[in-house]
Amino acid sequence: MASDGSMISGHPMSRRRWLSTAAAGGAAMLAPTLLQGQTRRRRPNVVLIVADDLGSTDLGCYGAADLPTPNLDQLAADGIRFTQFYVAAPACTASRASLLTGRHHPRILHYGVGLEREEVTLAEILRSEGYRTGIFGKWHLGVGPDVSPESQGFDEFLGFKVGAIDNYSHYFYWGTGARHALWKNDQRHAAPGHYFPDLVTDAALGFIRDNQSDPFFLYLPYNLPHYPLQPDPATATRCAGIEDPARRRYAACVATLDDCVGRVLRTLDETGLRQDTIIIFLSDHGHSEEHDSLGGGGRSTPFRGTKGTLLEGGIRVPCIASWPGHLTAGGVRTQPVPSIDWVPTLAGYCGASLDGLAVDGLSLSGLLASAAAAPTHDALHWVWQKGSAVRQGPWKLVAEGLTDVHLYNLDSDPGETTDLVSVHRNVTQRLIELRKQWVRRLSDDETVRRWYGG
Ligand SMILES: [Ca+2]
């Protein structure tokens with residue numbers, strides 16, 4: 001997914017150079033405050049909560065009446081809910097990489113390794129402004145020391161770096177054998193028997209309490225409702241009445257996630273930090289129907305598609321933004337919004353400069369302030385494996401390779417059921433041309449050439 005390309009130009013300055021420049025700027029900014037002893041208005045905290053494989057409409061506030069999600073529903077009631085929010089890719093790593101950098105994923109991933117060491121994350125951007133940074137949960141942007149959370153701007157880390165673990169033994173099960181996968185900062189960490197969602201929520205609450213007097217960035221990528229489907233047993237009883245066993249297992253995992261988010265929200269209330277805290281919640285992509293998800297259970301109704309597809313059910317996700325006193329309570333935004341816009345938006349709210357960084361996202365501050373604001377981008381783009389998609393206005397082109405092309409009108413056909421290629425040939429050609437232009441611009445990027453083996 002990407003913008004219309006207007007911001008795609010040039011390469012970012014080297015990471016080391018940007019960080020040293022930012023550090024000098026941050027120190028210059030802080031010095032007068034310290035010297036004059038003035039009380040400056042507190043900069044907002046940022047709490048970024050990511051669900052793992054949560055379906056496009058799988059919250060009560062998105063119409064899923066059978067899922068008990070009171071805390072996330074309340075968060076939406078207290079803030080702004082997006083109805084056309086798009087992640088960068090229908091898979092974990094690419095989606096998270098773009099979310100944390102504000103850049104198109106083909107530019108920033110070293111395939112098989114992780115997020116490029118040179119990329120500058122939101123954690124680095126905010127830390128350069130004096131923020132304390134913590135990640136508790138699933139990293140999944142690389143396992144080596146050069147691509148670990150601590151090398152990408154996080155002061156504190158508790159969690160795992162791979163795609164999925166057992167929630168009690170903390171072992172990774174994919175590949176050729178089981179391996180212990182729990183880390184605390186740069187060290188292996190043993191906590192056998194401790195339920196992982198509770199472990200990371202406890203760490204998050206400690207982080208909030210420890211940083212009450214200074215701004216912080218708390219990144220909470222939960223591993224729920226991702227398989228293995230291991231909900232909190234007590235929470236699961238609340239979903240016992242759901243007839244379909246796959247939906248029941250999935251619902252219990254979503255309810256467990258909602259309980260964890262509720263604990264974070266209560267702690268922000270108890271510490272008096274809620275008014276000073278921007279909370280963003282989103283899913284990393286649509287629900288899974290992979291073999292290990294035991295029949296799925298997630299839904300994207302009225303959309304079609306799942307994790308791994310560029311149909312709406314793969315890339316359109318729930319997203320909520322809350323900042324009491326700053327963002328309208330109970331607001332709804334219907335404009336198409338890409339996840340790359342959060343980095344410039346949050347950097348702006350936190351007073352952080354992006355000078356020298358070639359960020360592809362655009363600030364949502366105008367759109368958050370006004371429901372009538374124009375969309376931030378003229379067109380959105382996605383590329384995933386051999387597939388690609390372009391959205392402009394109501395039109396969406398979905399292609400597999402260069403010749404298998406489909407056109408849908410999302411206003412009249414959100415389920416992407418009626419292919420209009422033969423009816424609207426001009427629109428089809430226009431979107432194909434937009435895709436060509438975008439790929440051409442991306443192809444100038446060295447990382448993209450590596451991604452595609454060019
Ligand atoms: Ca995922």
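Biologist: In which loop is the place of P225?
Modeller: This is a predicted model: local features need pLDDT of at least 70, side-chain atom pairs count only at pLDDT 80 or more, and totals for chains, interfaces and linings use all residues. Residues are numbered from 1 along each chain as its sequence is written. Helices (H or I, at least four residues) and strands (E, at least two) are DSSP runs, numbered from the N terminus. P225 sits in the loop between β11 (216–221) and α7 (233–236).

Biologist: What is the peptide bond from L224 to P225?
Modeller: Look at omega. For the bond from L224 to P225, omega is near 0°. That peptide bond is cis.

Biologist: Which residue does a cis peptide bond join to P228?
Modeller: P228 is in the loop between β11 and α7. Omega of its cis bond is about 0°. The residue joined to P228 is Y227.

Biologist: How many C-beta neighbours does N185 have inside 10 Å?
Modeller: N185 lies in the loop between β9 (183–184) and β10 (187–188). Its phi is positive, about 55°, although N185 is not a glycine. A residue is buried with 20 or more other C-beta atoms within 10 Å of its own, exposed with 12 or fewer, and partly exposed in between; C-beta atoms are placed from the backbone. N185 counts as partly exposed because its number of neighbours is 13.

Biologist: What is the phi of L294?
Modeller: L294 is in the loop between β12 (277–283) and α9. It is partly exposed, because 16 other C-beta atoms lie within 10 Å. L294 is a residue other than glycine, yet phi is positive, near 50°.

Biologist: Which residues does T267 touch, not counting those up to four places away in sequence?
Modeller: T267 lies in helix α8 (residues 245–270). It is partly exposed, because it has 18 C-beta neighbours inside 10 Å. Contact means that C-beta atoms, placed from the backbone, lie within 7 Å. By that rule T267 touches L205 and I208.

Biologist: What distance separates the C-alpha atoms of T267 and G206?
Modeller: Along the chain, T267 and G206 are 61 residues apart.

Biologist: Which element gives the most to the side of domain 1 that touches domain 2?
Modeller: The protein is divided into domain 1 (15–32 + 42–369) and domain 2 (380–451), with bounds from an automatic or database domain assignment. In this pair, 19 residues of domain 1 are in contact with 17 residues of domain 2. The elements giving two or more residues to the domain 1 side are α4 (105–108) and α9 (312–315). With three residues, the element that gives the most is α4.

Biologist: What separates the centres of domain 1 and domain 2?
Modeller: The centres are taken over C-alpha atoms. The separation between domain 1 and domain 2 is 27 Å.

Biologist: Which are the edge strands of the open sheet of four strands?
Modeller: The sheet has the order β16-β17-β18-β19, with antiparallel pairing. Two strands pair if DSSP finds at least two bridges between them. An edge strand pairs on one side only, and these are β16 (380–384) and β19 (404–409).

Biologist: Which residue in β18 is the bridge partner of V390?
Modeller: Strands β17 (residues 387–392) and β18 (residues 395–400) pair in the antiparallel sense over six bridges. In β18, the partner of V390 is L397.

How values were computed. Contact = placed C-beta atoms within 7 Å.
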